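Here are my notes on the model you asked me to look over. Have it open while you read, and check the points against your own view.

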Amino acid sequence: MRVTALVVLSGFLHQTLAAPNPPEIDKRALQTKCNGDNLYNSFIDRRYSASASAFCSSYIRPTITATTTVTTTVPAAKAKRDFAVTTYAPARLSSACSCILTATPPATTVQTTVIATVKPTGSCSAPTPVVKNGGFESGSLAPWALTEVTPPLPAYEQYLSVGVTSPGYGGSKNAFTVKDSAASSYVEVGLSQQNLTVCAGSQYQFAAQFYMTDAQAVPSPQTYVLVYVDGNLVASSKASDARGPPIVWLPLSGQFIAASETASLTVKFIATDYVGVEWGLDNVVVTQI
């Protein structure tokens, strides 16, 4: 959109609107064809006609269309007139300009290039990876921590083993595993990583690889893998994910919105009314969407 302000001062118009060799105003044509309104009268006033002609030469070029505001300042003696500040529609400007020019100016090509950079309000840059040691390749749990172990260790460590073992998903070195050797009717193990650095209000994707398996021909549907962020469930396994041998790795994913600049991630492994189950977890990743 092209917006041009034509400012008429008492006695002269600012010369910044002037163009070299503007077309002359055809006053005889105006006297017989044009309405004598305030805009027209300003254009034909001999004090401003040269600037008006220059303005119109640019305004009515075929490639330029716009709604233009024309601001006119008049002496105090004329202050009561209603055109001190007036916005004219394109049709009125085109009509008045057509009247004062002897010929339509040649067409011109206007090319505009706009380059915009958008930065989200309140954006932040959190360090990556968000989850540390998500592949357990360090060979230890840190900075992960066990937050729940049922039946408790070490009293039942001859029946329940929890920790980093080899191999991992896709031939990787390690994975986190929970193995119950048929000694308990209820198993629950919680694995947590606290104080993940995130951007408050941003959306995140949780993703991991896991398996649930046992030695029975018909696996139990009462085994689960549940993922929580700040106490809210974001991903869970399905009953059909429980498999008999051999081990089958499956994807697990979900989304969440960070409530603050830090988050707590917890993965729970649960089996109810059942004994003899094994879980594996690897490639835990949290990424900003």
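The points below go through the sheet, one of its strands, the salt bridges and the disulfides.

1. First, the ground rules. This is a predicted model, so to speak of local features I need pLDDT of at least 70, and side-chain atom pairs count only at pLDDT 80 or more, while totals for chains, interfaces and linings use all residues. Residues are numbered from 1 along each chain as its sequence is written, and side-chain values use heavy atoms, with hydrogens and water left out.

2. The sheet. Five strands make an open sheet in the order E3-E6-E12-E8-E9, with antiparallel pairing. Strands here are DSSP runs of E with at least two residues, helices are runs of H or I with at least four, and both are numbered from the N terminus. Two strands count as paired if DSSP finds at least two bridges between them. E3 and E9 are the edge strands, and each has a single partner, so one side of each has no neighbour in the sheet. From one strand to the next the twist averages 20°, with axes taken as lines fitted to C-alpha atoms (for helices, over the stretch in contact) and angles running from 0 to 180 degrees between N-to-C directions.

3. E3 (145-150) is joined to E6 by 5 bridges, and the two run antiparallel. If you want a residue pair to find this by, Val149 stands opposite Val189 in E6.

4. Strand E8. How much of E8 is buried? For residues 223-229, the count is 5 of 7, so to speak mostly covered; buried means under 20% relative accessible area, exposed over 50%, and partly exposed in between, using a 1.4 Å probe and protein chains only. E8 pairs with E12 (residues 262-272) in the antiparallel sense over 7 bridges, and Tyr228 stands opposite Thr266 in E12. E8 is also joined to E9 (residues 232-236), again antiparallel, by 4 bridges, with Val227 opposite Ala235 in E9.

5. The hairpin. E8 and E9 form a hairpin with 2 residues between the strands, and Asp230 there takes a positive phi near 55°.

6. Asp241. Have a look at the loop between E9 and strand E10 (242-243), where Asp241 sits. Is Asp241 buried or exposed? Asp241 is buried, at a relative accessible area of 8%. Leaving aside neighbours within four places in sequence, Asp241 is in contact with Phe210, Met212 and Leu250 (contact means heavy atoms within 4.5 Å). A polar atom of the Asp241 side chain lies 2.7 Å from the backbone nitrogen of Lys238. Asp241 also forms a salt bridge with Lys238, where the closest N and O atoms are 3.5 Å apart. Lys238 counts as exposed, at 51% relative accessibility.

7. The other salt bridges. The structure holds 3 of them, a salt bridge being a side-chain nitrogen of Lys or Arg within 4 Å of a carboxyl oxygen of Asp or Glu. In one, the side chains of Glu188 and Lys268 meet at 3.8 Å, N to O. That pair links distant parts of the chain, with Glu188 in E6 (residues 186-197) and Lys268 in E12, 80 residues apart. Glu188 is buried at 13%, whereas Lys268 is partly exposed at 25%. Another joins Arg47 and Asp45 at 2.8 Å, N to O; Arg47 is partly exposed at 42%, and Asp45 is partly exposed at 21%.

8. The disulfides. A disulfide is a covalent bond between the sulfur atoms of two cysteines; the cut-off used is a pair of cysteine sulfur atoms within 2.5 Å. How many does a search of the whole structure find? It finds 2. Cys56 is joined to Cys97, S to S 2.1 Å, and this link is left-handed, with -70° about the S-S bond. Cys56 is in helix H3 (residues 49-59) and Cys97 in helix H4 (residues 90-100), 41 residues apart. Both cysteines, Cys56 and Cys97, are buried.

9. Cys124 lies in the loop between H4 and E3, and Cys199 in the loop between E6 and strand E7 (203-214), 75 residues apart. Cys124 is partly exposed at 41%, whereas Cys199 is buried at 3%.

Definitions and conventions
Polar contact = N/O pair within 3.5 Å; in protein donor to acceptor, adjacent residues only side chain to side chain.
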